[in-house]
Amino acid sequence: MQNFEFYNPTKIVFGTETISRLAELVPSDARVLILYGGSSAQKNGTLDEVKSALGARTVREFAGIEPNPTYETLMRAVEQIRSEKLDFLLAVGGGSVIDGTKFVAAAVNFNGDPWEILLTHGQNVEGALPFGSVLTLPATGSEMNCGAVITRSETQTKLAFLSPHVFPRFSVLDPSKTYTLPRRQIANGVVDAFVHTVEQYLTYPVGGMVQDRFAEGLLQTLIEIGPKALETPEDADVRANLMWVATMALNGLIGAGVPQDWATHMIGHELTAAHGIDHARTLAIVLPSLLNVQREQKRDKLLQYAARVWQIDSGTEDQRIDEAIRRTAQFFESLGVKTRLADYELGAEAIDNIVAQLEIHGMTALGERKDITLAVSRTILEGAR
C-alpha cells in the first residue's frame, strides 16, 4: 500500500427530517446566502424548510446555478456576497450546486482573478468562506470532499480544482428529498458514483486490501440498487443506500493509499464542455472503451473486478476481461444511459475537437501511469463510436 494522509472534516447529518438541524449547524449570527439551481427546491418545499430552520438569521438567495456550474453565473454570486456582506454559504441541491458553492466560497476573498483558482487547480487558494450543504441529488460526492468542477462558457473550458479550504463544514443528507427526482437524474447519479469508484479501483494492485474490498462493495451495491432506485422511487432503504454509496464513493477513503486513474473524467469533461452531454453520460461513453484500450495496464485489476464484482470465473483471461467490460456497459444501458458517441449523434469530427481541447488544457499524460497520451485518448474515443 502507498503512503497516504487522510483528512475529512465534513460532518454528516443523515436521515429523514434532518433539515431542521440547520438551526444548530449554522452559526446563530451568520449572514447566510442560500445557493440553489432551478425551481425544484422551491416546488418540493425544500427551500421553505431550509429558510424555516434558519429562523431569524439574515438570509439571502442566489438561484440559477446550472447542471454544469459556470464561472459567469458564479461570479454574480460572488458580487452579491461582497455587496451584501454575507459570511456563510448554504448549498441546497446536488453536486453542481455544491461545486459552484465551493468556487464561490474560495473566490469571494481571493486576491487576484478568481479564474486563476481553476487554472492552478486550487493550489493558490489560501482560504474560503465557511459553508454547508443540503444534498438533494446523490451522485457526485461533493457533499463530503474538497473538489469541484467549473465551466467557463465563453471558452468551452471545464476545469477542476481541489483545496482543503473548501470541505463543507457539514452536509445534511435526507434521502426522502430524492423521491421526486426525474429518472434521468437518478440514473446519472448511479453511473457517476459507479465511475467514481472505478477510477480509484481499476488501476494496478498495491496491496490495498481494505480499499479494494470497500470499493468492490460499493460497486456491488450500486449494481443491486441501481435498477431498484428507478423502479421504486419511494423505497426509503434503496434511496438511503444510494445516497450513502454516492457519498462514500468520493470522500477520499477508498482512494487513500492506492493509485487513481481519472482519465475517464478528464476526457468526459471535454465532451460535456463541447457538446453539453450530461456529465455521467460522458463517463458511460468513455469508460468501457478506456478499459478495453488499457486492458494490459489494468489486467490484474480487471481480472479481480471480473471475479469479485461480476462473479466471472470461467474462460481465458481476455474472455473474462471482455465479459466484465461488456457487463459494465450493459449495466449503464440498463439504466437508460447510452454508451456510444453515435447515440449522441457525434462522429469522427467530434473526436478531432475533443483531442484538440485535451491538448489545450494540458491533458496529455492521463491515467494512473500517465501513459494515456493524446494518441491513446483518440483511440479510446474511436473505440467509443
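**Entry 1: Lys85**

I began with Lys85, whose place is in the loop between α4 (71-84) and β4 (88-93). Helices here are DSSP runs of H or I with at least four residues, strands are runs of E with at least two, and both are numbered from the N terminus. I noted that the model is predicted, that local features need pLDDT of at least 70, that side-chain atom pairs count only at pLDDT 80 or more, and that totals for chains, interfaces and linings use all residues. Residues are numbered from 1 along each chain as its sequence is written, and side-chain values use heavy atoms, with hydrogens and water left out.

I looked up the backbone of Lys85 and found a positive phi of about 55°, although this residue is not a glycine. Lys85 counts as exposed because its relative accessibility is 62%. The cut-offs are under 20% relative accessible area for buried, over 50% for exposed, and partly exposed in between, with a 1.4 Å probe and protein chains only.

**Entry 2: His121**

I then turned to His121, in the loop between α6 (115-119) and β5 (131-135). His121 is not a glycine either, and its phi is positive, at about 55°. With a relative accessible area of 38%, His121 is partly exposed.

**Entry 3: the two record spans**

I checked the UniProt record, in which an unreviewed entry lists residues 9-175 as "domain: Alcohol dehydrogenase iron-type/glycerol dehydrogenase GldA". UniProt positions are given in the numbering used here, feature names are shortened, and annotations may be inferred rather than shown by experiment. I found 29% helix and 25% strand over residues 9-175, with the end C-alpha atoms 22 Å apart.

The record also lists residues 187-356, again as an unreviewed entry, under "domain: Fe-containing alcohol dehydrogenase-like C-terminal". That span is 69% helix and 0% strand, and its end C-alpha atoms lie 30 Å apart.

I looked at Pro9, in the segment before β1. Pro9 is partly exposed, at a relative accessible area of 38%. Pro9 and Pro164 are 155 residues apart along the chain, and I read 9.3 Å between their C-alpha atoms. Not counting residues up to four places away in sequence, Pro9 touches Phe167 and Arg169; contact means heavy atoms within 4.5 Å.

Ile12 is in strand β1 (residues 11-14). Ile12 has a relative accessible area of 22%, so it is partly exposed. From Ile12 to Pro168 I counted 156 residues in sequence and 9.6 Å in space, C-alpha to C-alpha. Neighbours within four places aside, Ile12 is in contact with Glu143, Met144, Ser171, Leu173 and Trp244.

**Entry 4: α7 against α9**

I compared the axes of helix α7 (residues 183-201) and helix α9 (residues 236-249), which come within 9 Å and cross at roughly 35°. Axes are lines fitted to C-alpha atoms, for helices over the stretch in contact, and angles run from 0 to 180 degrees between N-to-C directions. On the side of α7 the contact is made by Ile186, Val190, Ala193, His196, Thr197 and Gln200, and on the side of α9 by Arg239, Leu242, Ala246 and Ala249. I sorted the contact of α7 with α9 by class and got six nonpolar, three polar and one charged residues. Ala, Val, Leu, Ile, Met, Phe, Trp, Tyr, Cys and Pro count as nonpolar, Asp, Glu, Lys and Arg as charged, and the others, Gly among them, as polar.

I followed the chain to Thr203, in the loop between α7 and α8 (209-231). Thr203 counts as buried because its relative accessibility is 1%. The side chain of Thr203 reaches the backbone oxygen of Pro259 at 3.4 Å. Among the residues that Thr203 touches, I listed Asp261, Lys298 and Glu368.

Asp261 lies in the loop between α9 and α10. Asp261 is also buried, with a relative accessible area of 8%. I found the side chain of Asp261 in polar contact with the side chain of Lys298 (2.8 Å). A polar contact is a pair of N or O atoms within 3.5 Å; within protein, one must be able to donate a hydrogen and the other to accept it, and residues adjacent in sequence count only if both atoms are side-chain atoms. The side chain of Asp261 also reaches the backbone nitrogen of Ala263 at 3.0 Å.
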